[in-house]
Amino acid sequence: MREILPHTDVLFVGHDELHIVTEEVEPLSAARELLRHGPTEVVVKRGKDGACAAADGDLFEVAGMNVAVMDVIGAGDSFVAGYLGARAHGLPIPERLRWATTCAACTVGTRGDWEGLPHLSELDGRMETDKTVR
């Protein structure tokens, strides 16, 4: 896995997967360390604890959302979709992390792997923790 880091633009890694790409286990430190190996952005998914990212020497963090978990299938994919969607809209990293954690929270709050994903027009309203579930 470490061999492809120099060819990676955005690296998404779960906190439980950090050992695959680095010996650093603390998420913010690991993200900063991984930047030195090629990626321009490193995003660490921390489940219910939110997420963090490193880019251009800066570190960013967002807390997780309080949501009743119904089904975890698709949460990671939803997180990445939210992050990349925000990136495609030219949003800064803190907002990308907010979109990502909101999409993941909406997914785990419903049954199925995509059924809970918010539409773009719903996203801002869903960032409120009591509105993540349809």
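Buried residues have under 20% relative accessible area and exposed ones over 50%, with partly exposed in between (1.4 Å probe, protein chains only). The model shown here is predicted, so local features need pLDDT of at least 70 and side-chain atom pairs count only at pLDDT 80 or more, while totals for chains, interfaces and linings use all residues. Residues are numbered from 1 along each chain as its sequence is written, and side-chain values use heavy atoms, with hydrogens and water left out.

**View 1. E41, a buried residue of strand 2.** Let us start with one side chain. E41 lies in strand 2, where strands (E, at least two residues) and helices (H or I, at least four) are DSSP runs numbered from the N terminus. The relative accessible area of E41 is 7%, so this residue is buried. Its side chain makes a polar contact with the side chain of R96 at 2.9 Å. Such a contact is a pair of N or O atoms within 3.5 Å; within protein, one must be able to donate a hydrogen and the other to accept it, and residues adjacent in sequence count only if both atoms are side-chain atoms. Leaving aside residues up to four places away in sequence, E41 touches D9, V10, L11, L35, A54, A55, Y83, R87, I93 and R96; touching, or contact, means heavy atoms within 4.5 Å.

**View 2. Strand 2 between its two partners.** Strand 2 (41-45) has 4 of its 5 residues buried, so the rest of the structure largely encloses this strand. Strand 1 runs parallel to strand 2, joined by 5 bridges; two strands pair if DSSP finds at least two bridges between them. L11 has V42 of strand 2 as its bridge partner. Strand 3 pairs with strand 2 in the antiparallel sense, again over 5 bridges. In strand 3, A54 stands opposite V42 and A51 stands opposite K45. The hairpin of strand 2 and strand 3 has 5 residues between the strands, and G47 takes a positive phi near 60° there.

View 3. Strand 4 (residues 58-62) pairs with strand 3 in the antiparallel sense over 5 bridges, with E61 standing opposite C52.

**View 4. Helix 3 and its buried side.** Helix 3 (residues 75-88) has 14 residues and reaches 20 Å from its first C-alpha to its last, close to the 20 Å expected at 1.5 Å a residue; the expected span is 1.5 Å times one less than the number of residues. A75, S78, F79, G82, Y83 and A86 are the buried residues of this helix. Their arc around the axis is only 135°, which puts them on the same side of helix 3; the arc is that of the directions from the helix axis to the C-beta atoms. D77 and A88, on the other side, are exposed. The buried residues of helix 3 pack against strand 1 (10-14), strand 2, strand 3 and helix 4 (93-108). G90, with a positive phi near 75°, follows helix 3.

**View 5. I93 in helix 4.** I93 has its place in helix 4 and counts as buried at 10% relative accessibility. Not counting residues up to four places away in sequence, I93 touches E41, A53, A55, F60 and Y83. From I93 to S121, the separation is 28 residues in sequence and 20 Å in space, C-alpha to C-alpha.

**View 6. Two nonpolar cores.** A nonpolar core is a set of buried Ala, Val, Leu, Ile, Met, Phe, Trp, Tyr and Cys residues joined through side-chain atoms within 4.5 Å. The largest has 14 residues, of which L11, V13, L18, A31, L34, V42 and V44 touch the most other members. Strand 1, helix 1 (18-21), helix 2 (27-35), strand 2 and strand 3 each give two or more residues to this core, and the largest share, 5 residues, comes from helix 2. L34 touches L5, L11, L18, V21, T22, P39 and V42, not counting residues up to four places away in sequence. A second, separate core of 13 residues includes V10, F12, A51 and A104.
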